[in-house]
Amino acid sequence: MNVNRIVIKLGSTMILLFLVVLLPLGYVINQIFSGFYYNQVQQHIERLAARYANEVATSRSTMTVNMIEMMSSFSDVKMMVVDAEGKVMANSGVAWKPQSSPIPEEEMQELIRGRALEMEMVDPGSGERFLASGQPIIVGQHFYGAVYVLSSVNGIDQSLQKVRQSLILSGIGAFFLALGFTFVLSRKLSDPLVRMETATRRIAQGDLNTRVQIPSNDEIGSLAKAINDLAVDLQRYRDTRREFFANISHELRTPMTYLEGYAKVLRDGLYETEEEKQKYLDIIHQESIRLTHMIHDLFELSKMEEGKIILHMEWIDLTEVMDHVIQKVKPKAKSKGLDIRVEQPDRLPLVYADGLRMGQVFMNLLDNAIRYTETGTIQVQLRQEPSHVVTIVEDSGIGIPPEELPSIFERFYRVEKSRSREHGGTGLGLAIVKQLVDMQGGTIQVSSVLGKGTRFEITLPIGGDSQ
C-alpha cells in the first residue's frame, strides 16, 4: 500500500503533539503520587517523633525510653533516642548507629536550638533508604537530647513503581490508540486532497470534464468547489476561445477576400466605368476600416490582459465626453433612421477617470446599440446620485436572452453567433468596456428583455474635491 506523504506529515505532527502532551502529563502525575506518598510518611513519623519526645520530656525516666524502644520494635518504624551529647541511648532497629556513634555536630546544633529535623538516611550496609524525623527533648529551657523516628521508603518505592508501571502501560495503550486514530483521521483529511491533486493534474493536461467530489462543507469542500469552478471556467474559456478563433478567422477571411478580389479587379482593369471603379475602391476602403477596427480590438484586449494599459486619470466632465461621442455616431444612427435622445442635468460633478478611455467605453456601447437596433430610439441618460455619477445607454433592439446575460462581458463571447456575424463585430467590445470601467473604479451592469431592448448602466464614483 502506498503511503501518501501528507498522511505521514499529518500523522507525525499529530503523534508529536500527542507525545508533547502525554510525556509531561505522565511526569506530573508521577511527581504528584511521589509527593503524596512521601508527605504522608513524613507527616506520620513527625507525629510519632513529637509524641515520643513529649513523653520522654514529661517523664524523664529511663523506663519510658525503654518502653518506647520496645513499642517501636513491634511497629514498622525504627526509633533512636540520643542524649544531650549526641550519643545513642536507645536504638530500635537502626543497626548502623551503635551507642558509641555520636550524632553529627551540625544536627545537634539544630536540635539544641529546638528545631525539628527532616532528612533522608541510608543504611551503609544494605543501601536501604529511610525518611527520618528528629524531635528535640526540651524541658523548660534545657536540652536533654532528641528522638529520631525512621521509616523505610522501600514500601513507598514499590507502590510508586506499580503506579509508574500502570502509567507506562496506560501511556502505551493510549499511544497505540492515538496512532490508530491519527492514521484514520489523517487518511480522512488527506484522501480528498490527493483526489484533488489528481483531478487538478488531469485538468492541467486538458481533461476539463474532470470534477472533484465535494466531501464536506468545510475548507476542503470549498477547495473542491473552487477546483470544479476552475474546470468549468477553463472549459468555457476554451470553448469560447475556439469559437472566437473560428469567428475571427471568418471575419478576417471576409475582408481579406474582398480586398484581394477587388484589388485584383482594379489591378487588371476589369471594370467598365469610373463609377464601378469608385464602387470597388469604396468597398476596399470599408473593408480596410473593418479590418483595422478588428485588429485594434485584439491589440487593446491583449494589452489589458498583460496589464500594459496606461490610464491618464484626471477630473473630467462626462457630459462633454458623451456629447463628443454622440456627435461621432449620429451619422451612423441617422443612416438607419434611429434617433438618439439624451437626458442629462445642466451640471454634473466631475469624476476622476481617463477621458479618452471613457469615450472609448461610450463609443462601444452606442455602436452596439446602433448595430443591434433596427427601429426606434436610443436613450442616453446621465444623472447624479449621492456618491456616484450614473450613465445609462438603452436601446430598443433585439435584446439578449436571459441565459446569455451572465456571460455578456466575457472575452471572445458573442450572443447568437449567426446574428453576430450578420451585424458585424468581433465579440471583444463589451469585454474591453468591462475591463476599462473596472480599471477606473466603476461598475457596469446590464439588463435586457428579448425583442425589446438592452440597458447598460455605468456607475463612477464622484471625487470629493470635484464639486
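Is I172 buried, exposed or partly exposed? I172 counts as partly exposed because its relative accessibility is 43%; buried means under 20% relative accessible area, exposed over 50%, and partly exposed in between (1.4 Å probe, protein chains only). This is a predicted model, in which local features need pLDDT of at least 70, side-chain atom pairs count only at pLDDT 80 or more, and totals for chains, interfaces and linings use all residues. Residues are numbered from 1 along each chain as its sequence is written, and side-chain values use heavy atoms, with hydrogens and water left out.

**Surface patch**

- I172 lies in helix α4, residues 154-204. Helices are DSSP runs of H or I with at least four residues, numbered from the N terminus.
- I168, I172, F176 and L179 make a nonpolar surface patch of about 390 Å². Such a patch takes residues with over 30% relative accessible area and no salt bridge, joining nonpolar side chains (Val, Leu, Ile, Met, Phe, Trp, Tyr) within 5 Å.
- Accessible areas come from the Shrake-Rupley method with a 1.4 Å probe.

**Second largest pocket**

- The second largest pocket holds about 300 Å³ of space. A pocket is an open set of points on a 1 Å grid where a 1.4 Å probe fits, with protein on both sides within 12 Å along at least five of seven lines.
- This pocket is lined by 15 residues, and L22, G26, L167, I168 and G171 are the closest to its centre. Lining residues have an atom within 4 Å of a point.
- Helices α1 (5-59) and α4 are the elements that give two or more residues to the lining.
- The largest share, 8 residues, comes from α1.
- By type, the lining has 10 nonpolar, 4 polar and 1 charged residues. Here Ala, Val, Leu, Ile, Met, Phe, Trp, Tyr, Cys and Pro count as nonpolar, Asp, Glu, Lys and Arg as charged, and the others, Gly among them, as polar.

**Salt bridges**

- The structure holds 15 salt bridges. Each is a side-chain nitrogen of Lys or Arg within 4 Å of a carboxyl oxygen of Asp or Glu.
- E110 pairs with R115, with the closest N and O atoms 3.3 Å apart. E110 is partly exposed at 26%, and R115 is partly exposed at 45%.
- A network of salt bridges links E110, R113 and R115.
- R129 bridges to E120, with 2.9 Å between the closest N and O atoms. R129 is partly exposed at 24%, as is E120 at 44%.
- R383 and E385 meet in a salt bridge of 3.3 Å, N to O. R383 is partly exposed at 27%, and E385 is partly exposed at 30%.

Methods. Patches are made of residues with over 30% relative accessible area and no salt bridge: like charges are joined within 9 Å, nonpolar side chains (Val, Leu, Ile, Met, Phe, Trp, Tyr) within 5 Å. Grid points are joined across faces, edges and corners, and a volume is the space filled by probe spheres set on the points.
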